[in-house]
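User: I am new to this protein. Could you take me through some of its features?

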Amino acid sequence: MSESESKQAPRGYVRYRDDVEVVEPDEGEVIEKLIAAMLKGMALTRPKHGRTVRAAHAKAHGLVKGELRVLDGLPAPLRQGLFAQARAYPVVARLSHVPGDLDDDRRVSGPRGLALKVLGVQGLGPMLPGHAGETTQDFLLDTGKVFNAVGPRAFLAQIAPVEHLAPRTPQALKGAVSAVSLATNTGLHAVGADSAVLDFFGHPFLHPLGEPYYSQAPIRYGDYLAKLNVTPDSPGLRALVDAKLDVRDFDGLRQAVVAFFREHPAEFVMGVQLCTDLERMPVENANAEWPESESPYQPVARLVLPAQDAYDPALQDAVDEAMLFSPSHSLAAHRPLGGIMRARMAVYEAVGRARREQNGQPVKEPRSADDLP
């Protein structure tokens, strides 16, 4: 190992370098097949809903505005990119479920997502090439700590049949699959394990605001490599942690989120887990959990969401229908890393543009909070 390769940052954090990523020779071809599978799935759901819905995270449970407040006094390794200075950024958040269909919340329980679009990030360094000239930074997080596939090829093997069959599957059958998956995953959890694949169909019936959310795969964190998480951290949210939700309506999860924000604000802590060892914390295996015993998540910001109408009709048009959340909407300092992230950057852009064009929605990023209702 060369001197440059063995050079470590303070506390043993691995420094970013270009060769932390290893691209498979046929990765471009695999990604094109992923895009085709996702577009096919969207085409199958369109007749059912009268419009094209998202190929993933189709159903929103909440649309809210607030601020991402970077903490003051962070140690040097944490002062990177967006988090280099203590300041507040406007943010819009979309809570959702993962499947690319508008499923019945009473029958189908899948993992949840939290998409954040941070506004006003100009002047913090270059954007990724496809996002040049824009002023937004997107962070996409899910309730699972890891992605349900190692890399693009494994993900293609999983997603192709799901995209083809799921839109044609009756809600009752989806509910039966969800119940079996939930029971199996609960059993695994009881013995100290779980399955990210089973979680896709059998996530526990928990309140979406009482769960932690994770980037699952790594991103560049300025000079370092990291994963992100967002965890509930206000009294109202802490009361929801691990609380079972009695879902009695097709849109029961949305009703729960809207009811909460009608009366309460919400605050989350955003944390960063810095990579300390590329073997135990791999970049190219998105299904590998980075051990928190070696590198715990460290707080870098607070996500502050005031009480509001969490499914305002104006936000439905501007955010739920017209807005694209994509890993490719990023500062170069926070470039997504690894095969799954490279695939997601390409797939989200392709299917997001197709969805908006098919629905007659403008393909445009907001420039500031003034562009939001």
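Predicted model: local features only at pLDDT ≥ 70, side-chain atom pairs only at ≥ 80, totals over all residues.

User: How many residues does helix H7 have, and how far does it reach?

Analyst: Helix H7 covers residues 252-263, which is twelve residues. From its first C-alpha to its last it reaches 17 Å, close to the 16 Å expected.

User: Which of the residues of H7 are buried?

Analyst: They are Gly-252, Leu-253, Arg-254, Ala-256, Val-257, Val-258, Phe-260 and Phe-261.

User: And what covers them?

Analyst: The cover includes strands E1, E2, E3, E8 and E9, together with helix H6.

User: What does the charged end of Arg-254 sit over?

Analyst: The charged end of Arg-254 sits over the ring of Tyr-311, 4.1 Å from its centre.

User: Moving to Ser-96: is it buried or exposed?

Analyst: Ser-96, which is found in strand E2, has 2% relative accessibility, so it counts as buried.

User: Which side chain does the Ser-96 side chain make a polar contact with?

Analyst: That partner is the side chain of His-57, at 2.9 Å. Ser-96 also touches other residues, including Lys-59, His-61 and Arg-112.

User: Now the rings. How many aromatic pairs are there?

Analyst: The structure holds six. One of them joins Tyr-13 and Tyr-224 edge-to-face, with 6.3 Å centre to centre and 70 degrees between the planes.

User: Which parts does that pair tie together?

Analyst: Tyr-13 lies in the loop between helices H1 and H2 and Tyr-224 in strand E7, so the pair ties together parts that are 211 residues apart in sequence. Both tyrosines, Tyr-13 and Tyr-224, are buried.

User: Which residues do ring pairs link into a cluster?

Analyst: The cluster consists of Phe-83, Phe-139 and Tyr-221.

Conventions
Residues numbered from 1 in each chain as written. Heavy atoms only, no water. Helix = DSSP H or I, 4+ residues; strand = E, 2+ residues; numbered from the N terminus. Expected span 1.5 Å × (residues − 1). Buried < 20%, exposed > 50% of the residue type's maximum accessible area, 1.4 Å probe, protein only. Contact = heavy atoms within 4.5 Å. Polar contact = N/O pair within 3.5 Å; in protein donor to acceptor, adjacent residues only side chain to side chain. Phe/Tyr/Trp six-rings, centres within 6.5 Å; stacked < 30°, edge-to-face > 60°. Lys NZ or Arg CZ within 6 Å of the ring centre and 35° of its normal. Lists of a residue's contacts leave out its neighbours within four places in sequence.
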